[in-house]
Amino acid sequence: MSASPVAVLVFTILWGVVGIVLPFLVPKGPNRGILQAILILTAATCWLFWLCCYMAQMNPLIGPKLENTTLLLIAREWGKEVTS
Amino acid sequence: MGSLFRSEEMTLCQLFLQSEAAYACVSELGELGLVQFRDLNPDVNAFQRKFVNEVRRCDEMERKLRYLEKEIKKDGIPMLDTGENPEAPQPREMIDLEATFEKLENELREVNQNAEALKRNFLELTELKHILRKTQVFFEEAEHGGVVSQMADPSREEEQVTLLGEEGLRAGGQALKLGFVAGVILRERIPAFERMLWRACRGNVFLRQAEIESPLEDPSSSDQVYKSVFIIFFQGDQLKTRVKKICEGFRATLYPCPEAPADRRQMAMGVTTRIEDLNTVLGQTQDHRHRVLVAAAKNIKNWFVKVRKIKAIYHTLNLFNLDVTQKCLIAECWVPVLDIETIQLALRRGTERSGSSVPPILNRMQTFEDPPTYNRTNKFTKGFQALIDAYGVASYREMNPAPYTIITFPFLFAVMFGDSGHGLLMFLFAGWMVLKEKPLAAQKSDNEIWNIFFAGRYIVFLMGLFSIYTGLIYNDVFSKSLNIFGSYWSSNYNISTLQHSSVLQLNPNSTDFNQTPYPFGMDPVWQLAENKIIFFNSYKMKISIIIGIIHMLFGVSVGLWNYLYFKKIENIFALFIPQVIFLVFLFLYMVILMFIKWVKYGPASDIKYSSYCAPSVLITFINMILFKDTPQVKGCDEWMYAGQGVLQKLLVIIALLCVPWMLIVKPVMIMRSNKRQHYQLNNHGTENGDVEGAPGAAAANPPAPQGGHGEEEEEMSEVWIHQGIHTIEYVLGSVSHTASYLRLWALSLAHAQLSEVLWDMVLRRGLAQEGYVGGIILWAAFAVWAVLTVGILVLMEGLSAFLHTLRLHWVEFQSKFYTGLGYSFTPFSFEIILDTAQATTED
């Protein structure tokens, strides 16, 4: 039960800007409405998609099952030495 | 405004045009392309209309132009297409154009006729030349030792020899006087010809033939044909007639061939000089033809445009009504309300051009007819609008799903296609089409597949872009993951554990897991995991349902705007609210359960909230509907939160109450409003009768309501049936459509697996080789991998994901609000007319 506030804030603000702030900044013209709809929908879909992925990993019910060779490689490549 | 959210507001207008200004005005309107004329003489035969003569003249001109074009193409002269768009010429210019085309056509026909005659002549002479040359050989052979004895040459065909020999004997050993004919025949007919001769003349003729090496041109079809020279020797007149008949039958051309060598030589010389003369004449004719065609080629596109415009104008004028005084033409047309001023300006321009003093009059009319649906699109929105129109053109002023489709379509596509690498390929291809838009559009390819891709370039562009995003979330680039932030999982196993077990699972409830998720997308460790599919399935199924329910709810709420716009407030209470409640209380609740599960259950130390006790959302949902209790394992709580059981029962009961609500309320409302009207009508009727006091009126009144009654009852039963179908469709649809969104999961899984298999089976093998041989193998493996990636994963999988997305929009989304019973606005526009005309001629 833990979410990193930084990640949540960063992506929520990012898509919030796209979906809430930018629509106000669209220049006046015949396509204003369409552009606003595009921005709002883009932000909504992308944010939702990110959120679902984030929440699905927040409390993993299972851990990844890895081969021992892969584990050794991970230990070497991702910088956590194997203890003896 | 021009927004795409609803189709344009249209109005029916009546247009009065002065006869002399009509042509110019219609021409201006055609350039504008914003007016759809209605046929005011639908019962008048096409041949009895006013301007049928002019249309026919245009047809004739077009025919001549097509003939010219065909001739130009035959000579391979490039046609100048400057892309300029000349205005429709004045009607009086039509005569000039006609004269020009007439002259050109006649000239060309004459030249062609001459050329054909000359060519025929030339062909005859050439054939004669060949005959003289080839027969020379035959005669020389014959002269060597007399015809008969020469035939005894053992190397020749023996039947011939004996036959002629016998005949020679019977004739008393005298030298025989043999007749002969010489001619030319198509080479492929020779075997049949020979056999026929042999059978018909019982072997009593002698045929020699020689091939003409160079092909000859057939003047009528101007094909290159191969021919052979033949000479037939025979004896007697009877045989001669028979041989000639056979020659005729086989379309062989016979030529006179003198017997004496000197004559032949002289004739050959004569023929050669005549051929030379003919050649110069032919060359001059061809030059002349070429000059004429080159001159015509410069203008032909221009002329086509002009003629087609004139024809379109007269065709449109034929739709108009003639005023009684014959001074003025009356037209009826559909016009976008916003463009009335532009149209009036165009009409004024037309009047000025024609020099008429009376301005045209544009009147708005009241009508009960449904106006056409006109969506003003630009090059970006056009493709998306086409996707919607392919399902059905929106009813007039109905909410148009196209603006939402611009994003939801690429998004749902990308959920299925989620792979950044494949998305990038798609994005680059579409980006190239978008960047090179103008030159590519100017090429006007008639390759159908290319045109489909090109028309949908912005759709593909967005699909690529979204696929890159979803690919990053799935952390899938050609089935490999990016490790941007560093995995949040790590292994704490020591070396001996690693040595003793081949597969180990990391424990989320320990330091193996960072306790916060990877910030953007899937943790790269999952791509390497053995149990990746289990994890991904649970995740992808959930997001499919989440996205699907939100999409459907969005569709239902778009319906609200329709009800508000069309002032059908009763539909909001009778349809919209129960629909929303039904969807929210059952299906959105399931989505909420998913989120609760994600938040509450995890690697907790409390067994109630550990993975051991985590309930299945689907089972919970099914049991909720069936009012059943889930059997629980010891130590686990059945409910995710306090009061869940009661709340769920309440939700189901309310949702189920919505079904009769949807079914009954609307028909009852209609019935009541009908009754009210009825009551008023009846009151009205009796009042009238009382006031007038006439027995006739009172007698006439009663039948009318009765008749109305019968109709209404029928109407009401129809309303009930309609509402029943609608309700059943919605209720069952909610279930089946929700399940239908699982295709998002299925296709995404299939795509990821296929791309992984391709990597493992092909590219990985190439990468595993060593040495310089390994380099070559890798090169081959990469080639195979790249071809299959583009061909199967991007093109075929892309197509299948596209079709599934299309279905999700047409069925699952649009069924919630879209009727699509309109007809599209087809304005009178030169641009469209010219484009279609060009497309049909190119076919």
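Visitor: Which residues does F49(A) touch, leaving out those up to four places away in sequence?
Guide: Happy to start there, keeping in mind that this is a predicted model. From chain A, F49(A) reaches a set of chain B residues that includes F411(B), V415(B), Y469(B) and T470(B).

Visitor: Which residues have the most contacts inside the largest nonpolar core?
Guide: That core has 115 residues. It draws at least three residues from each of domain 3 (378–505 + 745–823) and domain 4 (568–688 + 707–741) of chain B. The residues with the most contacts inside this core are F49(A), Y539(B) and F582(B).

Visitor: Which helix gives the most to this core, and with how many residues?
Guide: Look at chain A, where α2(A) is mostly covered, with 20 of its 27 residues buried. In general, nonpolar side chains in soluble globular proteins tend to be buried together. The helix that gives the most to the core is α2 (residues 32–58) of chain A, with 17 residues.

Visitor: How many Å does α2(A) reach from its first C-alpha to its last?
Guide: At 1.5 Å a residue, the expected value for this helix of 27 residues is 39 Å. The model comes close to that, as α2(A) reaches 38 Å.

Visitor: How many residues does the second, separate core have?
Guide: You can find this one in chain B by looking for M61(B), L65(B), L104(B) and C333(B), which are among its members. The second core has 59 residues.

Visitor: How far apart do the C-alpha centres of domain 3 and domain 4 of chain B lie?
Guide: Chain B is divided into four stretches of assignment, among them domain 1 (1–40 + 319–374) and domain 2 (125–161 + 174–283). Domains 3 and 4 of chain B do meet, with 9 residues of domain 3 in contact with 4 residues of domain 4. Their C-alpha centres lie 36 Å apart.

Visitor: Is Q814(B) buried or exposed?
Guide: Q814(B) sits in the loop between α25 (771–813) and α26 (830–842) of chain B. Leaving aside neighbours within four places in sequence, Q814(B) is in contact with I388(B), Y391(B), P401(B) and H809(B). Its relative accessible area is 1%, and the cut-off is under 20%, so Q814(B) counts as buried.

Visitor: In what order do the 4 strands of the open sheet in chain B run?
Guide: Begin at the edges, β4 (206–211) and β8 (253–255) of chain B, each of which pairs on one side only. Then follow the bridges: 6 join β4(B) to β7(B), and 8 join β3(B) to β7(B). The pairing is antiparallel, and the order is β4-β7-β3-β8.

Visitor: Which residue of β7(B) is the bridge partner of F180(B)?
Guide: On the side of β7(B) that pairs with β4(B), L207(B) stands opposite I232(B), and R208(B) stands opposite I231(B). For the pairing of β7(B) with β3(B), the bridge partner of F180(B) is F233(B).

Visitor: Why is β7(B) said to be largely enclosed?
Guide: Both of its faces are covered, with K227(B), V229(B), I231(B) and F233(B) buried on one side and S228(B), F230(B), I232(B) and F234(B) buried on the other. Helix α7 (residues 237–249) of chain B also packs on the sheet, touching β3, β7 and β8. β7(B) is largely enclosed by the rest of the structure because its buried residues number 8 of the 8.

Note on methods
Residues are numbered from 1 along each chain as its sequence is written. Chains are lettered from A and ligands numbered from 1 in the order in which they are written. This is a predicted model: local features need pLDDT of at least 70, side-chain atom pairs count only at pLDDT 80 or more; totals for chains, interfaces and linings use all residues. Side-chain values use heavy atoms; hydrogens and water are left out. A nonpolar core is a set of buried Ala, Val, Leu, Ile, Met, Phe, Trp, Tyr and Cys residues joined through side-chain atoms within 4.5 Å. Buried means under 20% relative accessible area, exposed over 50%, partly exposed in between (1.4 Å probe, protein chains only). Helices (H or I, at least four residues) and strands (E, at least two) are DSSP runs, numbered from the N terminus. Domain bounds come from an automatic or database domain assignment. Contact means heavy atoms within 4.5 Å. The expected span of a helix is 1.5 Å times one less than its number of residues. Two strands pair if DSSP finds at least two bridges between them. Axes are lines fitted to C-alpha atoms, for helices over the stretch in contact, and angles run from 0 to 180 degrees between N-to-C directions.
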